[in-house]
Amino acid sequence: MSPENETKDMIVVRGLCKSFEDERVLYNLDATIKKGEIVSIVGPSGAGKSTFLRCLNLLETPDDGKILVDGEDTQEMDPRRLRMKMGMVFQQFNLFPHLSALENIMLAPTSLLKMPKAQAKEEALDLLDKVGLAGKSWSFPWELSGGQQQRVAIARALAMHPEIMLFDEPTSALDPTMVNEVLGVIRSLADESGMTMAIVTHEMRFAREVSDRVFYMDQGVVYESGSPEEIFDHPKRDLTRAFIRRVDTIRIDINKDDFDFYRFDAKIDDFAMKRLVEPERRQLLVDLCEELFDNFFFLYVDELSFSIGVTEKKEIELRYLYGGKELNPMTSDDAYSLFARNIIMKNASHYEYHRYDDMNYLDFTIPYNRNK
């Protein structure tokens, strides 16, 4: 955010309330976003994050409260004029399937802004180049990957020359391997444009890197706000602290009959990359997991639950939860257990096995860096 924008309020929200039938989603929400500021909005499912964005541009009508955009009350604005000022990118791409990427981008400027087609085409081509799709102008949505479709959707929103951009979980519908290409476009846009942005995201590393401020939403309000360092490293309130701990873990249920190594590897690599694990250690994680699945777990069990998390000591914690008879590779003497034990002892700083309610729990931790 540039110094000249530091005191200019672009979005001011006071007492915002919204319910759907008997379910209260937003309750007396207050928030301020300054001109040129990039705000990431994080929080648990059901906290009202997407509803908050949709109320800002009147895709949802608030039940109560006031929203000012650049000093104007949105309730007194023509919704079409508001949405020209405030572009939005959704979870789903919402591209017209019968139009090419170029035509999808040109449609709104020519129909709403009455822009000459030649000018709209020139600007659309520039935008496609900006989002890394210069060679896909005449491709239809069904010919594009999910990441490419979302980049077209971003270009389409930018074609209206908005002063504000809203992103509603723009990567949630994407395969893990496609997330980074979309985040890269948003990151470049944030670095170059000076545009005001509000981004609902579950990508915590991205939120940390790109944001001027972070809103943590819970129970229908902005429960805590602050710099990325304040929210992610030094949260002040209980629910924020609990959420930050919780998002540092993912769990994957695995069935050996339909196990997709490529998708699993992508999830593990994505998790480790977002937590700044060095590439060599990320590859070690992937290789270690594959070897244990192939040469130990899948020989004894058909189903298991795998989780990976980050401890307070900044170690990577792996947990394998599996049923059946007692099966402890750290003490069993068969060849497969010996293989698993050697892998774990070679790489882990700590390991532990226990059995509870007929379930086996195998935990071990790996240092972030190879020298630790």
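Me: Hi! Which residue takes a positive phi just after α1?

Reply: That's Leu-58, with a phi of about 65°. Bear in mind that this is a predicted model, where local features need pLDDT of at least 70, side-chain atom pairs count only at pLDDT 80 or more, and totals for chains, interfaces and linings use all residues. Residues are numbered from 1 along each chain as its sequence is written, and side-chain values use heavy atoms, with hydrogens and water left out.

Me: Thanks. Is helix α1 itself mostly covered or mostly open?

Reply: Mostly covered: 7 of the 8 residues in α1 (residues 49–56) are buried. Among them are Phe-52, Leu-53, Cys-55 and Leu-56. Buried means under 20% relative accessible area, exposed means over 50%, and partly exposed is in between, with a 1.4 Å probe and protein chains only.

Me: How many helices and strands does the chain have?

Reply: There are 12 helices and 15 strands. Helices (H or I, at least four residues) and strands (E, at least two) are DSSP runs, numbered from the N terminus.

Me: And the overall numbers, what does the C-alpha trace span?

Reply: About 75 × 45 × 45 Å along its principal axes. The chain has 372 residues, and 53% of them count as buried. Its accessible surface is about 18,200 Å², with 46% belonging to carbon and sulfur atoms; that area comes from the Shrake-Rupley method with a 1.4 Å probe.

Me: Switching to rings: how many aromatic pairs are there?

Reply: The count is 20. Rings of Phe, Tyr and Trp (its six-membered ring) pair if their centres lie within 6.5 Å; planes under 30 degrees apart count as stacked, over 60 as edge-to-face and the rest as tilted. One of the pairs is Tyr-216 with Phe-243, tilted at 40° between the planes and 5.1 Å centre to centre. It links distant parts of the chain, as Tyr-216 sits in strand β9 (residues 213–218) and Phe-243 in helix α9 (residues 238–246), 27 residues apart. Both Tyr-216 and Phe-243 are buried.

Me: Why is the Tyr-300 and Tyr-336 pair edge-to-face?

Reply: Because the planes of Tyr-300 and Tyr-336 are at 80°, with the ring centres 6.3 Å apart. Tyr-300 is in helix α11 (residues 279–300) and Tyr-336 in helix α12 (residues 335–347), 36 residues apart. Tyr-300 counts as partly exposed at 32% relative accessibility, and Tyr-336 also counts as partly exposed, at 44%.

Me: Which residue lies over the face of Tyr-27?

Reply: Arg-24, at 3.9 Å from the ring centre. Arg-237 lies over the face of Tyr-223, at 3.8 Å from the ring centre. The rule is that NZ of Lys or CZ of Arg must be within 6 Å of the ring centre and within 35 degrees of the ring normal.

Me: New topic: where is Leu-95?

Reply: Leu-95 is in the loop between β6 (86–89) and α3 (101–111). At 12% relative accessibility, Leu-95 counts as buried.

Me: What is Leu-95 in contact with, leaving aside neighbours within four places in sequence?

Reply: The partners of Leu-95 beyond those neighbours include Asn-104, Pro-141 and Val-152. Contact means heavy atoms within 4.5 Å.

Me: And Ala-272, buried or exposed?

Reply: Ala-272 counts as buried, at 1% relative accessibility. Its place is in helix α10 (residues 261–274). Setting aside neighbours within four places in sequence, Ala-272 is in contact with Val-277, Arg-282 and Leu-285.
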